[in-house]
Amino acid sequence: MTNRSKVVASCLALLFFVATPLWGQQSPDPIGDALFAPELVMQNQQAIRLTDDQKSFIIAEIHKAQSQFPELQWRLQGEMETMASLLKQDRVDEQRVQAQLDRVLGLEREIKRAQITLLVRIKNTLTPEQRGRLQEIKKKLQGK
C-alpha cells in the first residue's frame, strides 16, 4: 500500500468513526427518501414522462453542481492529508487537530450543501405525478 493510499484509508477510517453513531444502528434515511438522485431521474425519464424543458433544467443544474465538486474534493483531500499528518505525530496537539477537523468538516459541509441543493432543485422541477412515480420506482428497487 502506498503512503497516499495509507493516508486516504486512515482519513476514511477517521471519518467513518466520526460519522457512525456510537450505538452502531443504521436508521432510515429520511432525507434521501424524500429526494431523487439524478441517475434515478435519468434512468426513468420515459417512465415519468420528463419534458424537454425539465431535462434541460436538470442537466444544467447537474453541470453547475459538478463544476464545484473537483475543487472542493481537491481541497478536502489536502485537508485530510494534513489531518493524517497531525495524527501520526508521537504527541498529538489536540487543539491543532480540532482546528484541522473544523476545516475538514467545513469542506464536507460545502460538498453536502451543493449535493442537497442539486437534489432539491431536481425535486422542485418534477410534477407531483412524476414524484409519485419515482417514489414507486424507488420502493421497487429497494424491494419494499
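V41 is found in helix 3, where helices (H or I, at least four residues) and strands (E, at least two) are DSSP runs numbered from the N terminus. The model is predicted, and local features need pLDDT of at least 70, side-chain atom pairs count only at pLDDT 80 or more, while totals for chains, interfaces and linings use all residues. Residues are numbered from 1 along each chain as its sequence is written, and side-chain values use heavy atoms, with hydrogens and water left out.

## Exercise 1: the chain as a whole

Task: state how many helices and strands the protein chain has, and what its mean pLDDT is.

Solution. Begin with the elements: the protein chain has six helices and zero strands, and from the N terminus on they run α-α-α-α-α-α. Next, take the confidence, for which pLDDT is the predictor's score for each residue, from 0 to 100. The mean pLDDT of the protein chain is 86, and 81% of its residues reach 70 or more. Over residues 5-25, however, the pLDDT is below 50, and this stretch has 14 contacts in the model beyond near neighbours in sequence, a contact being heavy atoms within 4.5 Å. Finally, look at how the chain folds back on itself: among contacts between residues at least 6 apart in sequence, 83% join residues at least 24 apart.

## Exercise 2: helix 4 against helix 5

Task: work out how the axes of helix 4 and helix 5 are arranged.

Solution. Two packed helices are described by the angle between their axes and the distance between the axes. Axes are lines fitted to C-alpha atoms, for helices over the stretch in contact, and angles run from 0 to 180 degrees between N-to-C directions. The axes of helix 4 (residues 52-88) and helix 5 (residues 94-125) come within 9 Å and cross at roughly 170°. Angles under 35 degrees count as roughly parallel, over 145 as roughly antiparallel, 65 to 115 as roughly perpendicular and the rest as oblique. Helix 4 and helix 5 are therefore roughly antiparallel to each other. The residues of their contact divide into 19 nonpolar, seven polar and nine charged, where Ala, Val, Leu, Ile, Met, Phe, Trp, Tyr, Cys and Pro count as nonpolar, Asp, Glu, Lys and Arg as charged, and the others, Gly among them, as polar.

## Exercise 3: K138, R49 and Q66

Task: find out whether K138 is buried or exposed, and then treat R49 and Q66 likewise.

Solution. K138 is found in helix 6, and at 11% relative accessibility it counts as buried. Leaving aside its neighbours within four places in sequence, K138 is in contact with G32, D33, A34, L35, F36 and L40.

R49, in the loop between helix 3 and helix 4, is exposed with a relative accessible area of 68%, and has a positive phi of about 55° although it is not a glycine.

Q66 belongs to helix 4 and, at 46% relative accessibility, counts as partly exposed. Between Q66 and A114 there are 9.0 Å in space, C-alpha to C-alpha, although they are 48 residues apart in sequence.

Key:
Buried means under 20% relative accessible area, exposed over 50%, partly exposed in between (1.4 Å probe, protein chains only).
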